[in-house]
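Hi everyone, thanks for coming. Please take a look at the structure on the screen, and then we'll walk through a few of its spaces together.

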Amino acid sequence: MKILIAYASTEGQTRKIARFCADHLIDTGHSVELAHASDAKEIAFDRFDAVLLAGSVHAGQYQKVLRNLAIRQRDALEGMKTAFMSVSLAAAGDDPDDWKGLQGCVDRFAAKTGWSLATVMHVAGAFRFSEYDFFKSWAMRWIAAQKKQSVDPHEDKEYTDWGALRQVLDDWLAVGDIPV
């Protein structure tokens, strides 16, 4: 299968996740093109059998460049096998309110783009203190404290479950749509 993975990343974890997805799919025999969303706007989506768009949640929204790509390619996305990968810290936990908020983010993305998201993959992100300025570092430490998470502001902390991600990708390609 020929697959396009287009992503937008703010601090680098979504880029790392997209690269992992591409490597795993190549290792399982697929042809994969990996592109940042800003570069993917010129790509003809109809050249692919499947498209995975990945972005991360920041302040309740996904990156504007990813939203614009989904809007521009909406017709192509509606006519093919697709998945939307939502990367967030909320996906690392089991707080019902966090998951409700995360679903709201996904719903707003779908409404703004007009793309009916048949498959949504939720992937836990990371605290990337090496990428934060003083104020963002403080805010992220406060968020971690509210969730009773221990973090060191001098070290990044990754929550991505790589084995689970591998399985979600395999299920998506083998079965088709997986539950949102």
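Let me start with residue classes: Ala, Val, Leu, Ile, Met, Phe, Trp, Tyr, Cys and Pro count as nonpolar, Asp, Glu, Lys and Arg as charged, and the others, Gly among them, as polar. By that scheme, nine nonpolar, two polar and one charged residues make up the lining of the second largest pocket.

A word on the source: this is a predicted model, where local features need pLDDT of at least 70, side-chain atom pairs count only at pLDDT 80 or more, and totals for chains, interfaces and linings use all residues. Residues are numbered from 1 along each chain as its sequence is written, and side-chain values use heavy atoms, with hydrogens and water left out.

On a 1 Å grid over the protein atoms alone, a pocket is an open set of points with protein on both sides within 12 Å along at least five of seven lines, a cavity is a set where a 1.4 Å probe fits but cannot get out, and lining residues have an atom within 4 Å of a point. Volume is the space filled by probe spheres set on the points, which are joined across faces, edges and corners.

So, our pocket has a volume of about 160 Å³. Among its lining residues are H122, Y159 and D161. Strand 5 gives the most to this lining, with five residues; strands (E, at least two residues) and helices (H or I, at least four) are DSSP runs, numbered from the N terminus.

Now the largest cavity, at about 70 Å³. Here helix 5 gives the most to the lining, with four residues. The lining has three nonpolar, two polar and three charged residues.
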